[in-house]
Amino acid sequence: MPINVFGYKIEKTKDQNQELVSFAPPEDDDGASLVQGGGFYGTYLDFDPYVKNDIDLIYKYRDMALHPEVETAIDDICNDALVFDEDRVAVTLNLDKTSLSPNIRKRVNEEFDGILKLLRFRSRGHEIFRKWYIESRLYYHMILDPKTPKRGIVELRPIDPTKIRKVKQVNKKQARDTSAQPFTLYGNTEEFYIYNERQTGTNTAGQQSNSGGLDTGLKIMPDAICHINSGMYDATRKRVFGYLHKAIKPLNQLRMIEDAVVIYRISRAPERRVFYVDVGNLPKNKAEQYLRDIMNRYRNKLVYDASTGEMRDDRRHMSMLEDYWMPRREGGRGTEITTLDGGQNLGEMEDVDYFKKRLYQALNVPVSRLEADNGFNMGRSAEISRDEVKFYKFIERLRVKFSELFINLLRTQLVLKGVMSKEEFEELAHDILFEYNRDNYFSELKETEIMKERLEMMREIGEFIGQFFSKEYVYKKIMKLTDEEADEMKKQIDKEREEDPPLDDEMGGPNARR
């Protein structure tokens with residue numbers, strides 16, 4: 001486990017002479033920046049505009065999360081993804097599909113419990129998931145005890161995603177084919193992280209931060225950092241997008257239409273007077289002075305002071321609430337006062353509701369949750385709307401992606417403590433499952449109804465078992481049991497028959513065993 005620059009590697013030293021070469025560049029599926037080989041300190045790394053844009057996106061996502069409608073939708077997503085109760089944490093480890101021995105399973109479960117304690121997941125799990133969902137990235141520095149690395153991870157320290165970036169350094173060389181056309185060959189790839197206290201881009205207040213990009217910084221070995229992202233990328237796959245990205249346009253439209261509605265209602269709500277003042281044949285300057293004199297004489301100067309609750313005399317009026325004064329020449333009608341009506345459709349909110357629905361649709365949250373008078377359905381699970389089913393599947397996808405955090409931490413912890421090697425962990429990583437708590441009432445109701453339907457079907461075909469349907473068919477097609485579950489069920493039935501035989505079995509009835 002050699003130390004290089006900063007951090008550590010938990011892998012065997014590779015043969016320097018062995019190099020894998022390909023004509024295809026390495027896949028950029030983690031948002032890392034690709035740079036040409038030649039040494040970190042000997043090469044100027046200019047990641048703009050990608051770094052600047054990525055940091056601006058993070059600030060944009062954080063600003064969006066402060067909007068009331070977006071915050072409500074995020075709360076719904078986080079509350080459904082992580083369900084905490086008094087008895088269990090929100091997520092548990094399932095090793096049933098692995099081929100590990102009981103002792104190793106016990107050790108893995110203990111290390112997983114230790115990881116949850118390092119994360120303080122019971123008290124901060126909701127905050128961690130919310131941060132990952134909003135910013136689309138999570139970075140943790142896995143700190144070890146340098147004197148005793150076999151103790152494993154002793155602390156998990158979160159890192160601001162605007163200060164760190166993953167980099168892939170690729171060794172490239174030019175080659176020529178038979179037609180003497182040059183093309184690029186890609187060799188081995190070195191991965192590392194660059195940490196810089198300076199930030200680029202604009203913050204939430206709209207102020208420009210210290211520029212310079214991540215062209216310099218601290219180089220950190222990859223195994224010292226735990227990193228997961230949203231798994232969503234742009235068309236070039238060079239930039240990681242967040243789950244809030246497709247809601248940027250609907251949110252901006254909603255803000256704009258809300259501001260327009262407020263401005264329209266304030267400006268059109270009051271009824272104002274229109275004064276047509278006869279100025280006769282006065283010259284223009286004198287006519288304007290005469291009109292001002294009339295305005296000062298009849299204008300209402302009493303205003304309401306909201307801070308003191310008193311009425312006071314003040315000449316400063318809001319222009320949208322002032323009356324209109326129009327001069328009228330001789331020969332027309334005399335002085336006249338009319339009333340300008342206020343807005344007639346001030347109560348219409350269809351436009352605002354439309355953009356709210358678009359915002360919720362962009363966030364994959366059922367629109368029915370937007371309506372305050374739409375209560376929770378406590379009836380049959382079959383009455384759950386299609387939008388709720390789609391939302392449930394979206395939550396499942398979020399859980400699978402978020403589970404990469406536990407996989408990465410568990411890999412490092414098990415390898416450091418010598419429970420298994422990195423290669424052994426990679427072989428069984430796809431068999432490790434994480435079970436998340438679900439809403440108790442909905443889960444129980446769903447399972448109960450499924451069992452009722454299966455038992456009802458069994459009663460329907462019960463008289464045909466042994467004639468047209470076999471017991472094996474019932475186990476697999478009706479009860480939907482796997483081979484292991486069916487074998488276990490048969491063993492339990494035989495065991496119960498031996499311990500407590502049926503009454504007609506003891507009396508030699510028709511069900512007696514021969």
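Two strands count as paired if DSSP finds at least two bridges between them, and the strands (E, at least two residues) and helices (H or I, at least four) are DSSP runs numbered from the N terminus. With that in hand, I143 stands opposite E155 in strand 4. This is a predicted model, so to speak of local features takes pLDDT of at least 70, side-chain atom pairs count only at pLDDT 80 or more, and totals for chains, interfaces and linings use all residues. Residues are numbered from 1 along each chain as its sequence is written, and side-chain values use heavy atoms, leaving out hydrogens and water.

Now the sheet. Strand 3 (residues 137-144) pairs with strand 4 in the antiparallel sense, over 6 bridges. Zoom out and you get an open sheet of 3 strands, in the order 4-3-8, with antiparallel pairing. Strand 4 (153-159) and strand 8 (225-229) are the edges, each pairing on one side only. From one strand to the next, the twist averages 25°; angles run from 0 to 180 degrees between N-to-C directions, with axes fitted as lines to C-alpha atoms, for helices over the stretch in contact.

Helix 9 (residues 404-416) lies across strand 3, strand 4 and strand 8, and runs at about 160° to strand 8. Contact here means heavy atoms within 4.5 Å.

Helix 9 also has a partner: its axis and that of helix 8 (residues 386-402) come within 4 Å and cross at roughly 20°. V400, K401 and F402 in helix 8 meet E404, L405 and F406 in helix 9.
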